[in-house]
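The entries follow the order in which I looked things up.

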Amino acid sequence: MRFTNYILTLSILALSACGYHLAGTVSSLPHDVKKIAIPQFSNKTLRPDIENQFTNALLDEFAKGKKVEVVGESEADAIVKGVILAFENTPISYIGGDVIQEYRVTVRLEVSLTKKADESVIWKDKNISYFSEYKNDPDVAIAEANRDAAIRKIAIDVARQLYSNILEGF
């Protein structure tokens with residue numbers, strides 16, 4: 001019994017000393033950052049409107065999280081800046097050798113969080129890359145809807161990861 005108590009005590013001490021915490025309970029933001037702005041992402045690609053999808057997905061993620069207030073740039077303590085660097089739509093499988101069956105959409109971007117007061121960078125990732133695959137269809141409208149759904153999935157996945165990285169430091 002004594003040995004079990006000893007092991008239990010050591011385990012508790014080890015977990016508390018290593019920085020262990022439940023996801024979603026700790027913020028890596030500086031204490032003076034209470035409000036952030038998320039202006040429209042920049043788009044360096046030829047894909048129209050993609051910046052809106054990524055900006056809106058991140059705004060939605062912060063609204064759901066409710067850990068920090070999202071405000072306009074003039075009221076913000078820090079600003080999230082995002083740039084869509086690349087958009088690729090690549091065939092990955094074929095039927096009969098020449099008919100495309102499936103595509104992979106890949107989006108690459110960089111995002112930073114900068115403190116407004118002194119323009120110091122709180123968090124930055126210059127090489128975020130996500131992809132999603134979708135089925136091609138002989139009906140162009142269906143193929144485009146499938147591609148758009150893949151882009152939406154990427155935007156949501158990126159927003160979730162950015163939210164976690166910015167607020168929880170993972």
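**Burial, contacts and rings**

I looked up Ser93 to begin with, and at 18% relative accessibility Ser93 counts as buried (under 20% relative accessible area, with exposed over 50% and partly exposed in between, for a 1.4 Å probe and protein chains only). I note that this is a predicted model, in which local features need pLDDT of at least 70, side-chain atom pairs count only at pLDDT 80 or more, and totals for chains, interfaces and linings use all residues. Residues are numbered from 1 along each chain as its sequence is written, and side-chain values use heavy atoms, with hydrogens and water left out.

I placed Ser93 in strand S4 (residues 78-95), where strands (E, at least two residues) and helices (H or I, at least four) are DSSP runs numbered from the N terminus. Leaving aside neighbours within four places in sequence, I found Ser93 in contact with Val99, Ile100, Gln101 and Glu102, contact meaning heavy atoms within 4.5 Å.

I then searched the whole structure for aromatic pairs and found 2; rings of Phe, Tyr and Trp (its six-membered ring) pair if their centres lie within 6.5 Å, and planes under 30 degrees apart count as stacked, over 60 as edge-to-face and the rest as tilted. The rings of Phe62 and Tyr163 have centres 4.9 Å apart and planes at 75°, so this pair is edge-to-face. Phe62 lies in helix H2 (residues 50-65) and Tyr163 in helix H3 (residues 140-168), so the pair ties together parts 101 residues apart in sequence. I recorded Phe62 as buried at 2% relative accessibility, and Tyr163 as buried at 9%.
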